[in-house]
Amino acid sequence: MTSSPFDHITFTGSTEKGRLVAAAAAKNLVPCILELGGKSPCIVDKRADLDHAAQRIAYGMGLNFGQTCIRPDYVLIDTDVVQKFMDKVKHYLGKYFSEGKDRSAFGSAVNDFHNKRICNLLKDHGGTLCYGNENAPNDFNM
């Protein structure tokens, strides 16, 4: 793509791939816009409407299989309401993405490299899977 005669290139993705796009665009003096590694935190205060927040965050997490630049990446939340909020998020994730639906219709990691990268995020950073597929390391379906 970057060797084609474009007037302008817009790229959203990782810093690593962004470097490749920028280098290829520079060879042809094509201007480019790079959106690299953005994060979209959500802040939930204990005074928030937890049901409303959980509904919106769960939807945003799964929109287009989570492949959007504005996907909620993490939640900063008051410790007094963490469990109540998590219960509501689990409810909405189930409602939107699994209840009565064939899991094979959902998105999955594109290849082994990315599947391992995603699974290692939990393992290496002490995360806990609270909803999803515990067999993800083997079948790519989160």
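This is a predicted model: local features need pLDDT of at least 70, side-chain atom pairs count only at pLDDT 80 or more; totals for chains, interfaces and linings use all residues.
**Salt bridges and the first helix**

The side chains of Asp-112 and Lys-116 are joined by a salt bridge, with N and O 3.0 Å apart. An α-helix has 3.6 residues a turn, so residues three or four places apart point the same way. Asp-112 is partly exposed, its relative accessible area being 36%, and Lys-116 is likewise classed as partly exposed, at 48% relative accessibility.

Another of them links Lys-46 with Asp-80, whose closest N and O atoms are 3.4 Å apart. Lys-46 is partly exposed, with a relative accessible area of 46%. Asp-80 has 56% relative accessibility and therefore counts as exposed, the cut-off for that class being over 50%.

A further salt bridge is formed by Arg-47 and Asp-45, and here the closest N and O atoms are 2.7 Å apart. Arg-47 counts as exposed, at 75% relative accessibility. Asp-45, by contrast, is partly exposed, with a relative accessible area of 31%.

The account now turns to helix α1. This helix (residues 15-27) has 13 residues and reaches 19 Å from its first C-alpha to its last, close to the 18 Å expected at 1.5 Å a residue. Which residues of α1 are buried? They are Gly-18, Val-21, Ala-24 and Ala-25. These four lie on the same side of α1 because they cover an arc of only 130 degrees around the axis. What do the buried residues of α1 pack against? Their partners are the strands β1 (9-13) and β2 (32-36).

The face of α1 turned away from the buried side presents a contrasting set of residues: Glu-16, Arg-19, Leu-20 and Lys-27 are exposed there. Just after α1, Leu-29 adopts a positive phi of about 55 degrees.

Terms used:
Residues are numbered from 1 along each chain as its sequence is written. Side-chain values use heavy atoms; hydrogens and water are left out. Helices (H or I, at least four residues) and strands (E, at least two) are DSSP runs, numbered from the N terminus. The expected span of a helix is 1.5 Å times one less than its number of residues. Buried means under 20% relative accessible area, exposed over 50%, partly exposed in between (1.4 Å probe, protein chains only). The arc is that of the directions from the helix axis to the C-beta atoms. Contact means heavy atoms within 4.5 Å. A salt bridge is a side-chain nitrogen of Lys or Arg within 4 Å of a carboxyl oxygen of Asp or Glu.
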